[in-house]
Amino acid sequence: MGPTVWPTGYMENSVSYSAIEDVQLLSWENAPKYCLQLTIPGGTVLLQAANSYLRDQWFHSLQWKKKIYKYKKVLSNPSRWEVVLKEIRTLVDMALTSPLQDDSINQAPLEIVSKLLSENTNLTTQEHENIIVAIAPLLENNHPPPDLCEFFCKHCRERPRSMVVIEVFTPVVQRILKHNMDFGKCPRLRLFTQEYILALNELNAGMEVVKKFIQSMHGPTGHCPHPRVLPNLVAVCLAAIYSCYEEFINSRDNSPSLKEIRNGCQQPCDRKPTLPLRLLHPSPDLVSQEATLSEARLKSVVVASSEIHVEVEHTSTAKPALTASAGNDSEPNLIDCLMVSPACSTMSIELGPQADRTLGCYVEILKLLSDYDDWRPSLASLLQPIPFPKEALAHEKFTKELKYVIQRFAEDPRQEVHSCLLSVRAGKDGWFQLYSPGGVACDDDGELFASMVHILMGSCYKTKKFLLSLAENKLGPCMLLALRGNQTMVEILCLMLEYNIIDNNDTQLQIISTLESTGVGKRMYEQLCDRQRELKELQRKGGPTRLTLPSKSTDADLARLLSSGSFGNLENLSLAFTNVTSACAEHLIKLPSLKQLNLWSTQFGDAGLRLLSEHLTMLQVLNLCETPVTDAGLLALSSMKSLCSLNMNSTKLSADTYEDLKAKLPNLKEVDVRYTEAW
């Protein structure tokens, strides 16, 4: 027997815990004496105080092992199931009343029952339910073992309307979702949760029952007290949606199926693909056949399987893209893979009845999750990498249903939510690209696109980089929506002109014509012309070189002051202890000679910093002491290479951001980071 951990208080009067190196039992057979020998530095000591505790533990452990052996032997050769059921109930009662505090005490009966069920597959439905009800008390505080999960899944599929599903499985699934569960290590628990939710969907009330279950998992308050519920639910949804397209995905890349992965398959299987079509990497023969066509015509290839029917239409204008993808083994762009260009192919996917019901259920759950304000930030972050197969994104029904979730993200004013509409990193596509005109998921005239642009522009994305991206990729849709009177798109076109985003003179004239074609566009273009005249007057040489605003001045006061004359010579501006906010940045970027800016103890935030970093590249001194700026805005300062002095005292600066700024600002000589994490 190895070293023993002693209960608190047994050896306090005899020897210190640190002195004990090993505990060895001289003789377990000599039960009446129970003499213990402890090897400690300096000699051997007998501790009689611990005898009673060890005697009880040893006695109960021996009894438990004998009873477990007995039940294993009895249940290994069942003759009458009435007797078996009685023995199972006795075994469960024994586990619940055992004084031993060990997880294996409750797991042992579950493993015995699991083995019993796996070896006796000819049981009736009633016998199944009786066994489940008998072991239900053990499931309140223990996860079912893998084989038992398989049995539960089968019961959910075959008897979804059974009362066992509601009364017994519900608390088990709730416990799984509330705990820190690693579904990667326990895939059968995830599959059981997935089948349980599908069983709820098969009830008469259908999605109403599922909705009530989601509500019970969230709780009655505005904040869910269990942080693992949402990630676990999303993991179940993603796996279920993937399974809907699994057969077609496996036929495309010959990868192991989910079932094979669950059964331990780690290497690509040797089987031949059931479908000959390679959608993303077409064969050279197919490309050469397409190239021989002398005129643009449609060629349809219909692929059928037991669950999925796919029809792919190829056009002659897709030949260059196909040839490029055939000769390149690297991971292609997502939109290129889906062939979303008007000149490229279109793909339609039709799921079988069961897969269609599964898809509808779990997309509806994602929509329910997006309705909770406290869950929406985490949900947006989890879905930002677009964790769905390409086949799902090419499926019109899926993208149409998921549009509700993306719309909820676009309507949320919190930056941590709507910023997830953009891609995770440069070169990758985000929901913004997929649901914009020309994207694979766009099924309207740009209403959702306009909504996404509006929320992004309203926070801190009114930047040259964002406008330049729109001008390069979405100028046509922007002009079309502006022509139809969309105010957000009219504002976008005006900003493109104001920030000199468009270099081509003909394109500028076309934008002006588009603006003047509607009432709202004409009015905003006139306001732009007025601002340009004021800007020309503001930047005219003259005026003071130093300027300090009185305390408690506002954004309106600053705007009124700067519109009163010329400030082309202004180099030093102090707004310290005023009430200005990030909104004043639109006026500050018009000062061409500004080199020193003091924003001490103002409400100037991240959005203003991003705007300053793009326009005031010659700024040398910046004071942000006691402002609400965070890492999100401070990181933008890395583009201001002329900065020599930077005060970030009492801000939310982190140590990592500080190190990043020091590395990217070579001229920075004076830095104040007191009372920050970087101090």
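The crossing of helix 21 and helix 22 is left-handed, a term used when the near helix is turned anticlockwise from the far one by less than a right angle. In this predicted model, local features need pLDDT of at least 70 and side-chain atom pairs count only at pLDDT 80 or more, whereas totals for chains, interfaces and linings use all residues. Residues are numbered from 1 along each chain as its sequence is written, and side-chain values use heavy atoms, with hydrogens and water left out.

Helix 21 (residues 447-458) packs against helix 22 (residues 464-473) at an angle of about 160°, and their axes lie 12 Å apart. The two helices are therefore roughly antiparallel to each other, the word for angles over 145 degrees. On the side of helix 21 the contact (heavy atoms within 4.5 Å) is made by F449, V453, L456 and M457, and on the side of helix 22 by F466, L467 and L470. These residues divide into seven nonpolar, no polar and no charged.

The structure holds zero disulfides, a disulfide being a pair of cysteine sulfur atoms within 2.5 Å. C149 is in none, and the nearest cysteine sulfur, that of C153, is 6.5 Å away.

| Cysteine | Relative accessible area |
|---|---|
| C149 | 1% |
| C625 | 5% |

Across the chain, buried residues make up 49% of the 679 residues. The chain has 31 helices and twelve strands, which are DSSP runs of H or I with at least four residues and of E with at least two, respectively.

Terms used. Axes fitted to C-alpha atoms, helices over the stretch in contact; angles between N-to-C directions. Parallel < 35°, antiparallel > 145°, perpendicular 65-115°, else oblique. Nonpolar A, V, L, I, M, F, W, Y, C, P; charged D, E, K, R; others polar. Buried < 20%, exposed > 50% of the residue type's maximum accessible area, 1.4 Å probe, protein only.
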